[in-house]
2 protein chains.
Amino acid sequence: MQLVSDELISRLRTINQFSGNQIGQNRLVYSPTWVKGQQQLIKWGLAAGMAVTVDAYGTVYLDVIGSQSPNGIVATGSHMDTVVHGGKFDGLYGVVGGFQAISNLVAALGRPKKTLRLISFSEEEGSRFPATFTGSKHYARVADVHDIVDHHGISFDDARQKAVAKLQFPGVNTGLPALPDSFTELHIEQGPRLVNQHLQIGLVTSIVGQRRFTVTINGVANHAGTTPMADRHDALLLASSLINRLAIIARTISRQLTFTVGELHVWPNTANVIPGKVTFSVDTRHVQKAILDQFETTLRSEIQKVAVAPFSVSVNRWVNDQPTLLDADMLRQNDRWARKLGLSTAIFASGAGHDSEIMSRVVPTTMIFVPSIKGISHAPEEKSTPADLHAGVALLQESLKHQTY
Amino acid sequence: MQLVSDELISRLRTINQFSGNQIGQNRLVYSPTWVKGQQQLIKWGLAAGMAVTVDAYGTVYLDVIGSQSPNGIVATGSHMDTVVHGGKFDGLYGVVGGFQAISNLVAALGRPKKTLRLISFSEEEGSRFPATFTGSKHYARVADVHDIVDHHGISFDDARQKAVAKLQFPGVNTGLPALPDSFTELHIEQGPRLVNQHLQIGLVTSIVGQRRFTVTINGVANHAGTTPMADRHDALLLASSLINRLAIIARTISRQLTFTVGELHVWPNTANVIPGKVTFSVDTRHVQKAILDQFETTLRSEIQKVAVAPFSVSVNRWVNDQPTLLDADMLRQNDRWARKLGLSTAIFASGAGHDSEIMSRVVPTTMIFVPSIKGISHAPEEKSTPADLHAGVALLQESLKHQTY
């Protein structure tokens with residue numbers, strides 16, 4: 001067990017070190033750091049004698065081919081990308097932890113009957129391009145991406161092709177592998193519930209629905225000193241009052257409705273010019289579609305109210321993920337294996353979106369959470385104890401064993 | 001007169017064309033476009049047989065040496081830099097218009113008794129580095145700049161030295177020229193008063209005082225989906241409510257007090273992360289120091305109120321320009337010459353800061369304004385009619401003539 005522990009922590013450290021001296025982890029999809037992460041995983045897979053495939057989006061699949069192949073594939077994994085200034089475990093823990101669980105099984109039990117597949121999805125966070133879960137959506141044949149660009153004007157396709165070309169090592173297959181019989185995602189909780197209740201494992205019933213919008217306000221840029229206050233059409237002042245109003249509205253609709261303006265841009269963004277244009281994101285999540293509908297309707301009517309000429313205000317919805325139920329049978333099984341291993345569990349919904357949400361549309365899917373210290377995630381301070389990280393891998397390993405051997 | 005007209009407009013166009021296909025003018029100090037602007041002016045000066053000097057900050061001085069030299073220097077000019085996405089006339093009109101007035105005088109009357117000096121100050125706007133009027137402050141021996149960097153982390157000194165090196169043409173003197181006997185700045189009004197009253201010339205009694213602050217809010221970055229609303233410390237939500245509150249306070253103190261948040265930055269600035277840090281600028285101006293004092297005291301107390309742990313909020317004042325009286329005698333003379341030329345005048349305070357504010361601390365200084373269409377400035381739509389631009393040059397020319405011949 002000590003050796004196994006060292007491997008898990010050491011592999012996490014290896015990939016996290018690719019971010020060097022940056023603030024937190026910055027494996028934005030198709031960035032140089034992201035490429036290094038996927039390359040490292042491919043190297044580990046090849047060294048372990050696994051069959052390695054890279055698809056057109058840069059998702060990496062590492063297969064231990066089962067004796068019954070081609071019948072039966074059991075998959076686990078998560079995503080390689082991070083948010084800007086992200087943490088060391090969101091996504092990567094499910095990738096490296098899945099690799100560790102499979103490696104442990106093969107070392108202990110030899111070749112499985114069903115194929116064991118580790119998946120490292122290319123992108124889940126939506127941090128670089130205005131689209132989320134592009135990796136799992138491509139694999140699940142749910143949706144593909146067209147005509148989007150990042151904030152530097154680089155197109156998704158250009159970035160994708162250049163990055164994926166760097167994953168084409170000798171011995172690596174290309175193409176889109178078949179769907180598995182089931183998918184299990186190991187992940188940090190990213191919230192405070194397990195830690196607050198002193199529990200080791202979270203089993204996930206469902207994933208909140210989430211919608212993301214971009215609000216664009218066009219006002220009139222002008223001189224900050226010579227334009228009388230009464231003659232101004234200041235896009236940032238309007239944005240500030242709209243953001244305040246929307247925060248109050250969200251709270252009024254439901255205390256469980258999350259509301260986040262995470263991204264805001266100002267033009268020309270200089271101290272002595274009245275802002276002529278502002279864009280900001282709105283991210284909102286809830287387990288009930290009706291609540292999300294109510295918020296969206298109110299958002300649109302609030303925007304109508306303030307869009308008085310010469311102001312123009314528009315809203316663009318670019319994420320609309322429905323609340324999703326995960327597989328109840330797989331959850332019950334995992335609860336059983338957890339008890340067998342002596343691990344305490346909590347059963348709850350996930351406040352974050354996950355690749356599992358996409359995978360659950362096409363195959364039975366479940367998630368295993370481990371505690372996040374202080375509930376912090378999407379930040380450099382994101383952390384989980386080694387003991388909790390190992391417990392999650394142990395449960396995943398037990399679950400995969402019962403499905404494949 | 002037609003030929004003269006063509007030269008003025010054509011020279012403005014030549015320098016404005018250096019910004020190419022960018023949105024508006026972007027001659028931020030020491031940028032490649034700024035370098036081209038100052039180089040062009042130097043070429044015009046050398047071609048006209050003027051004595052050209054460049055100082056250590058990149059301010060350009062073009063002298064027509066008077067017959068009484070070294071006794072007596074009469075200076076005019078303005079600044080070469082612009083705001084981000086600025087207009088075609090702010091600063092540049094006073095530089096090119098001053099050059100035109102001096103050229104016209106020499107063409108018509110030959111060598112002046114006193115030296116005629118055209119000054120193109122390096123920087124006035126404070127758009128790139130957190131400092132304003134650095135060019136005129138250096139010339140007036142009022143202040144020098146130390147240890148500041150732009151948003152890319154480039155130091156003022158590095159940028160300055162590299163750019164100034166590109167102005168060292170053969171025949172160009174270096175060093176800091178002596179102060180003149182007087183300074184006259186020709187400028188667009190940048191506000192709506194002349195246009196609203198259908199008047200041709202504004203004569204400036206005084207310049208508003210202005211203060212600029214940077215407010216920094218540190219909250220806690222966290223996951224936008226899994227962090228309950230009650231557990232958040234969202235730096236952008238706090239910034240929005242603070243900005244709204246400050247706007248109301250400014251209006252309450254005085255309707256004539258301008259309040260602008262022109263620049264705002266968010267960290268990490270990604271849709272699915274609660275903002276952990278926000279900085280924003282506050283620009284506020286008024287003709288009375290007491291009003292500015294009152295605003296600043298209230299700003300500081302409001303910040304104290306919201307700086308509740310784990311939030312930390314700080315304010316840094318980086319501009320504190322006092323309200324300034326310009327020279328009354330020079331204004332009266334200009335009003336006389338304007339009437340002689342048949343030009344209608346208004347006499348008022350300037351809502352914008354100008355190099356004249358700095359120059360007036362060391363020599364008698366006056367300003368001549370021409371109308372801005374719709375009062376728009378610091379934006380690509382900034383415009384003045386050719387007739388008004390020529391009228392301003394004509395008045396400047398008359399004023400310089402009476403001082404030097």
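1. How many residue pairs are in polar contact across the interface of domain 1 of chain A and domain 2 of chain A? The rule finds two such pairs, both at pLDDT 80 or more, where a polar contact is a pair of N or O atoms within 3.5 Å, one able to donate a hydrogen and the other to accept it, and residues adjacent in sequence count only if both atoms are side-chain atoms.

2. This is a predicted model, in which local features need pLDDT of at least 70 and side-chain atom pairs count only at pLDDT 80 or more, while totals for chains, interfaces and linings use all residues. Residues are numbered from 1 along each chain as its sequence is written, chains are lettered from A in the order in which they are written, and side-chain values use heavy atoms, with hydrogens and water left out.

3. The domain assignment, automatic or from a database, divides chain A into domain 1 (2-208 + 324-404) and domain 2 (209-321), and the centres of the two, taken over C-alpha atoms, are separated by 34 Å.

4. Between them, domain 1 of chain A and domain 2 of chain A bury about 870 Å², this being the accessible area (1.4 Å probe) lost on putting two parts together, summed over both. Of the area that domain 1 of chain A buries against domain 2 of chain A, 48% is supplied by A:T132, A:H151 and A:V208, more than by any other three residues.

5. Contact (heavy atoms within 4.5 Å) joins 16 residues of domain 1 of chain A to eleven residues of domain 2 of chain A.
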